[in-house]
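This briefing is organised by topic. Please examine the structure below before turning to the points that follow it.

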Amino acid sequence: MNPDSALPWLSLSIWLPIAFGVLLLALRGAGASAIRALALLGAVLAALVTLPIVSGFDPGAAGLQFVERFSWIVRPNAHYHLGVDGISLWFVPLTAFTTVIAVLAGWKSIGERLAQYYASFLILSGLMVGVFCAADGLLFYVFFEATLIPMYLIIGVWGGPRRVYAAVKFFLYTLAGSLLMLVALVYLYQAAGGSFEIADWQRLALPMAPQILLFLAFLAAFAVKVPMWPVHTWLPDAHVEAPTAGSVVLAAIMLKLGAYGFVRFSLPIAPDAAHELSGLMIFLSLVAVVYVGFVALVQTDMKKLVAYSSIAHMGFVTLGFFIFSPIGVEGALAQMISHGFVSGAMFLCIGVMYDRTHTRNIADYGGVVNTMPRFAAFMMLFAMANCGLPATSGFVGEFLVILGAVQFDFFIGLIAATTMVLGAAYSLWMYKRVIFGAVANPAVAALQDLDAREFLALSLLAAAVLWMGIHPAPLTDAMHGSVAALLSQVAHSKLIPGSP
Amino acid sequence: MDPTFNLSAILPEALLLGLACAVLLADLFVGARVRNFSYGFAMAALALVAAVTCGPLTVGAPVEYGFGYMFVSDAMTAVLKLAAIVACALGLVYGQAYARDRDMWRGEFFALALFALLGIMTMISANNLLVIYLGLELQALSFYGLVALRRDDMRASEAAMKYFVLGALASGFLLYGMSMLYGATGTLDINALAHHINGGPPERWELVTGTIFIVAGIGFKLGAAPFHMWVPDVYQGAPTPVALLLASAPKMAAFAIAFRILVEGLPQLAVDWQRMLAVLAVASIAIGNVTAVAQTNLKRMLGFSTVGQMGFLLLALLAGVVGGNTAITAGAYGAAMFYVVTYSLSTAGCFGIILLLAREGFEADQIADLRGLARRSPWYAGVMTLMMLSLAGLPPTVGFFAKFVVLQALVSDGASAGMFELAVLAVLFSLVGAFYYLRVVKVMWFEDAVDSRPLAVSGEMRLALGANGLAVLLLGIVPQGLIGLCNGAVLRALGG
């Protein structure tokens, strides 16, 4: 724990929302408005307790801060060990903030099993914060896996017509990946002489063959979660069927768990394998950027379009990691945070329209600006951010990654830069078809503009997008130390002299 | 403490024997109306025996032998016995309404359950091949009776018949194997057996043949493939409370006898039985998990799931052998013990939910019968979800740590070659397992109820199911207590 912080802020950030979730489950028979109010209170409090972590963070230090460490299991030797560094710092408030948005998003559209609905989101929020804070491999795995269960229920209970299919596919895809990671964790525990400390693993010298296997095992877990092409097919299904708030959390945070895994595990633990396989990773990332970008272009369902655009954006993130430069990694991290705001906002916008008309087909809309001018303005901003317009958050990450990619290899940079064109194409073309033009049908003519709750949620997101786009310095400043430490680790071969 | 006749070593068993007889007798004198008296008496007996069993758990308690080293009482036996007692008590609590509705609410039900428990406890504490066999027969005979308790039910009679014929065959196998060990070494005492094999030139051929029969017998009792054919049939056909008892408590005894005979008695043959167990484990995990996918009957599915779970248990048992030496990896046996205890806790909860939904003339044993349970009662749907996640081995339930410690034992330092492949295989099949456990969760949460009548749940049942669910969850968050207990107990049993 930092000497100046009196309270275990990380534990609070994890357990406060979970406690509120359990409280909601226990309150049977409470009125709908009481449940909503309590859920919102829990989400807001959980967001507030993450603020001291940001304000108390020392950007000069590279190591973990706000460390809490207690013995959890004696044999096998695991610890309840939490801490944040410059890489994980921003995801803690981002998760809590997104949960507030998610609670607001389901305010009216969810009518049944309300307490369970909000409890799922609050518990999920705590578990995801746990993933970002865990400094112990086993603790990480427990949080990582446990997040599946609330999301499975969110999609399966409150989702659309094909929700069951989507929920089961989501669960089995991600579980298949993470079980291989479990074997890798057990192997590392033995190799490190009985330690689950991620820091010990990062220092561990390993020959090439195990490094490659470890890298592939982690790849299986994280590639599914990110998701990378070609294991991305669960994501469009899950997004389309999930309720609005589920999509928001899925896109904004859950995808980041996979990308975060790459920086926390794959790169520092198996650096030589990462270099060896970087060609493959860059190839997969570029396929995601270009091919999936084209796939997004032809979608007729708005949610599916944004889902594919998420995959393309996450391809950018993985590209940034595997060009091994400070600019690339920081750009990728900035892209992750920005994508958290922007994709969340896009799904929220679609949810706003869906709540009113119950359709997500682009063809069912047109001329929405005539009836919902305020909404159209917000969506304009987010669509622009989605295609990386300067002065929005989307620009920061994409620009840095392209810069890094060009330094690495001009052609890779060139191909990556097509995302600027493709992103603009699918985002703005959708925006044009939905928002502009003449009023398409009576349903659009009857639309009501934003109410105060929707306005609040979208304003918060808009403020975040603009703030990050105009003044990203504090964001990247906090990362510098940790990213430099990470890259020096990645640059340093772990191969034992004399072994293959 | 005179090892020739040490009553304190067998105090729990002696007490249970007396109380079981008392229940049987007392029930003759109370009419059907006050049958609750017998139930209360049986529960009180279990509580009393549990309290007495706790003795060896105190720190520094010595290992006690009784009856000329035929009987052993230490921390390991205490933990296993307590788990068996808890499973038995859960079976009686959960089975209450079911038994009342089906004319099973009779003294025999309680008495037979207590006698079966006595057999289980005897096996757990046995330190002599003959005592193991006695305990085994007591348990098996009580269970034959319990399975057939509903005389007029076709399914139950069929299950009882199958169980009896195959069970007798398995007992024969085990006895035959024991006789070969006796023939080769001239002793029935397990410590003397190990000592004899260690000391003199072993009659290897006889010993290995005997071990084959013993492994087959243990495989049958655990329900490991290819000796698993009875498991799904009996689980499906037996009255649900009996299936609960059968699925949970005897597994402790099977683990105990496997530990006593193989690990303590035949460490010199470890390389041989390790290979046998590996075949059994892989076959169980594969057959159990794949076949369970195709089941529509929940009890039958749990039967196949048990087969798969027992494969995992065998993996832990065989992981403890390194280069023929079994003593240096107590962690693996601790993992196996933790696995069996947590498995029975989770399985008892599953059957508890089936019993909760059953009513007169309705068994609730189809997976489809759970449809929409989350709407009828989110609380019990939550409990069942925890049980399913635990059996599937997903965090944050205790089942995750059970599977995790087994995997960890498999790839631990100095484990034999090929263990890593076994671990990967086990992990891949647990993905198959996740599919069918998850289907139950899906049915409960995502589908609409066919039967929306409110559930009639007694206060005791509510309490027991809640405690069961909470235990599965809390042990999954802070497992150290139980893991430490199991590891410590095994370490002491191995003389560490």
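The cover over the buried residues of α2(A) includes α1 (9-26), α4 (91-105) and α5 (114-133) of chain A. Helices here are DSSP runs of H or I with at least four residues, strands are E runs of at least two, and both are numbered from the N terminus. The model is predicted: local features need pLDDT of at least 70, side-chain atom pairs count only at pLDDT 80 or more, and totals for chains, interfaces and linings use all residues. Residues are numbered from 1 along each chain as its sequence is written, while chains are lettered from A and ligands numbered from 1 in the order in which they are written.

**Helix α2 of chain A**

- Helix α2 of chain A covers residues 32-48, 17 residues in all, and reaches 24 Å from its first C-alpha to its last. That is close to the expected 24 Å, the expected span being 1.5 Å times one less than the number of residues.
- The buried residues of α2(A) are A:Arg36, A:Ala39, A:Gly42, A:Ala43, A:Ala46 and A:Ala47. A residue is buried if 20 or more other C-beta atoms, placed from the backbone, lie within 10 Å of its own, exposed if 12 or fewer, and partly exposed in between.

**Contact between chains A and B**

- The contact draws 27 residues from chain A and 28 residues from chain B; two residues are in contact if their C-beta atoms, placed from the backbone, lie within 7 Å.
- On the side of chain A that touches chain B, the elements giving two or more residues are β1 (65-73), α6 (137-146), α7 (148-158) and α8 (163-191). The most comes from α8(A), with 14 residues.
- That side of chain A divides into 21 nonpolar, three polar and three charged residues. Ala, Val, Leu, Ile, Met, Phe, Trp, Tyr, Cys and Pro count as nonpolar, Asp, Glu, Lys and Arg as charged, and the others, Gly among them, as polar.

**Nonpolar core**

- The largest nonpolar core has 414 residues, of which B:Leu114, B:Leu117 and B:Ala316 touch the most other members. Such a core is a set of buried Ala, Val, Leu, Ile, Met, Phe, Trp, Tyr and Cys residues joined through C-beta atoms within 7 Å.
- Helix α13 (residues 330-357) of chain B gives the most to this core, with 20 residues.
- Neighbours within four places in sequence aside, B:Leu114 is in contact with residues including B:Leu16, B:Leu19 and B:Val23.

**Overall form of each chain**

- Chain A has 23 helices and two strands. Its radius of gyration of 22 Å is close to the 23 Å given by the globule rule for 500 residues, so chain A is as compact as a globular protein of that length. The radius is taken over C-alpha atoms, and the rule is 2.2 Å times the number of residues to the power 0.38.
- The C-alpha trace of chain A spans about 75 × 55 × 40 Å along its principal axes, and 60% of its 500 residues count as buried.
- Chain B comes to 19 helices and two strands, and its C-alpha trace spans about 70 × 55 × 45 Å along its principal axes.
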